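This briefing concerns selected features of the secondary-structure packing in the structure shown below. It is intended to be read alongside the sequence and the coordinates.

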Amino acid sequence: MSNWLSNLFTLRRREERVSAEQLESAINEALLSDTVSDNTSRKYISEEGALNLSAVWACVRILSETVGTLPIHLYKRTNSGREKAAGHPCIHILQKPNSYIGRFALLHHLMVSCTLWGNGYVRIHRDRLYRPVRLQLLYPYEVEPVLSEDEELFYRLDSGELLGTEDVIHLRGLSTNGYKGKSPIAVHRENLSLTVSAQEYGERFFNQGGNMSGVFKYPSTLKPEAYQRLKRDLIAQSTGLHNAHTPLLLEGGMTYERISIPPEDAQFIATRKFQKTEIATIYGVPPHMIADLERATNNNIEHQGMEFVQYCLMPYIVRLEEEFNRKLLREDEFEEFYFLFSLNGLLRGDAKTRSEYYKNMNLIGSMSANEIRALEDMNAYEGGDEYFVQANMQSVKVALNPPATAPATPATAPTPNTQDEDDKDEKE
């Protein structure tokens with residue numbers, strides 16, 4: 001037992017003897033070797049690897065989580081308009097797709113897969129009545145859409161199983177062939193490589209103590225041994241964080257001249273900001289939503305938020321509604337039922353704007369008090385379903401052609417009170 005402890009302590013002493021300077025010296029010796037070459041090949045950026053970029057992470061998170069929080073309702077068409085189909089089985093399948101996820105996780109999975117790979121897949125399991133009973137998440141790299149010669153779409157899984165289009169919910173991104181979306185990461189891989197390069201450039205710059213490279217000028221020729229010794233000494237003096245901002249000791253008339261472009265001249269910070277805006281442009285997300293507030297003001301942020309819903313989220317929402325209508329409802333239910341996302345929470349605006357809108361809609365008889373309260377998540381009250389209009393308003397037709405009015409009758413003189421006159425005479 002004592003020998004084992006002594007060996008352990010000896011091993012720890014040996015490990016402590018290897019300092020950071022010695023490790024760096026060993027690395028410098030490898031760098032001095034002629035067989036070591038600089039690896040300048042471009043790195044491959046995968047879909048999941050792109051999440052290492054903060055702007056990509058922010059865009060994917062905002063899109064997926066925002067859609068995941070939206071309420072979705074199943075409506076039934078009626079003679080007077082529509083009503084919610086509360087007891088329909090499809091409502092339950094969206095609220096609880098399977099035993100381990102809910103509605104938010106379902107929509108979140110479809111959006112993350114679509115924004116990274118261009119395609120989001122969910123398999124539908126049905127009962128004997130052809131109603132969906134379970135939804136299974138499929139990963140986009142395990143599914144391949146296949147279009148047959150007779151224009152029938154199938155989905156081939158990695159297991160070799162072939163699924164029909166009616167058994168797969170497919171959220172498709174931007175597509176050029178109509179049945180498979182393109183991955184934003186694959187299409188813009190070279191653009192994202194610039195972001196990675198700028199990120200690695202900044203990391204290397206600060207890891208080297210913020211010192212840029214240059215050339216050392218020597219007035220005469222050095223022998224090979226002296227050249228290797230000088231190169232070794234210069235690397236040992238100038239590289240590493242512990243040598244940051246340490247002055248160099250030069251000998252033999254040697255001078256130093258900086259040749260690389262400083263970060264401010266190379267627009268390092270501007271490049272980082274520009275790439276952040278570029279990634280936001282790829283996903284159609286307003287820059288202020290990924291913490292880029294350089295051009296945002298208090299006056300335009302609200303309108304940019306509404307534009308985010310109308311021009312960025314709406315295409316995804318319409319695709320989801322169409323897929324749910326086509327795949328979750330049976331053919332005999334197409335004309336009677338339909339799914340619809342509720343966007344009132346995103347488009348409602350501030351309190352002042354909403355109050356003015358509700359007031360104007362109520363004055364023209366377009367909305368009742370209970371309808372307004374429903375939009376504000378408030379309970380209805382008795383008598384709040386009536387519609388009102390202003391009494392002093394008239395139609396344009398009546399204003400242009402006013403009806404003829406009857407002539408006014410002359411006012412009749414009041415009948416004198418004889419009793420009052422008799423009383424007056426008696427007093428006189």
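The model is predicted. Strands β2, β1 and β11 form an open antiparallel sheet in that order. Helices α3 and α5 pack with their axes 8 Å apart, and strand β3 has eight of its eight residues buried.

**The open sheet**

- The sheet consists of three strands in the order β2-β1-β11, with antiparallel pairing.
- Strands β2 (81–84) and β11 (337–341) are the edges, each pairing on one side only.
- From one strand to the next, the twist averages 40 degrees.
- Strand β1, residues 72–78, runs antiparallel to β2 and is joined to β2 by four bridges.
- Arg 77 has Arg 82 of β2 as its bridge partner.
- Strands of a sheet pair through backbone hydrogen bonds, in either a parallel or an antiparallel manner.

**The helix pair α3 and α5**

- Helix α3 spans residues 54–69 and helix α5 spans residues 103–117; the two pack at an angle of about 145 degrees, with their axes 8 Å apart.
- The crossing of these two helices, α3 and α5, is right-handed.
- On the α3 side, the contact is made by Val 56, Val 60, Leu 63, Ser 64, Glu 65, Val 67, Gly 68 and Thr 69.
- On the α5 side, the contributors are Arg 103, Phe 104, Leu 107, His 108, Met 111, Val 112, Thr 115 and Leu 116.
- Classified by residue type, the contact of α3 with α5 comprises nine nonpolar, five polar and two charged residues.

**Strand β3: burial**

- Strand β3 covers residues 119–126 and is mostly covered, with eight of its eight residues buried.
- In a regular strand, side chains alternate between the two faces of the sheet.
- On one side of β3, Asn 119, Tyr 121, Arg 123 and His 125 are all buried.

**Strand β3: pairing**

- Strand β8 (residues 168–172) runs antiparallel to β3, and five bridges join the two.
- Within β8, Arg 172 stands opposite Asn 119.
- Strand β4 (residues 132–138) also runs antiparallel to β3, and six bridges join this pair.
- Within β4, Pro 132 stands opposite Arg 126.
- The hairpin of β3 and β4 has five residues between the strands, and Tyr 130 in this hairpin takes a positive phi near 65 degrees.

Terms used
Residues are numbered from 1 along each chain as its sequence is written. This is a predicted model: local features need pLDDT of at least 70, side-chain atom pairs count only at pLDDT 80 or more; totals for chains, interfaces and linings use all residues. Side-chain values use heavy atoms; hydrogens and water are left out. Two strands pair if DSSP finds at least two bridges between them. Axes are lines fitted to C-alpha atoms, for helices over the stretch in contact, and angles run from 0 to 180 degrees between N-to-C directions. A crossing is left-handed if the near helix is turned anticlockwise from the far one by less than a right angle, and right-handed if clockwise. Contact means heavy atoms within 4.5 Å. Ala, Val, Leu, Ile, Met, Phe, Trp, Tyr, Cys and Pro count as nonpolar, Asp, Glu, Lys and Arg as charged, and the others, Gly among them, as polar. Buried means under 20% relative accessible area, exposed over 50%, partly exposed in between (1.4 Å probe, protein chains only).
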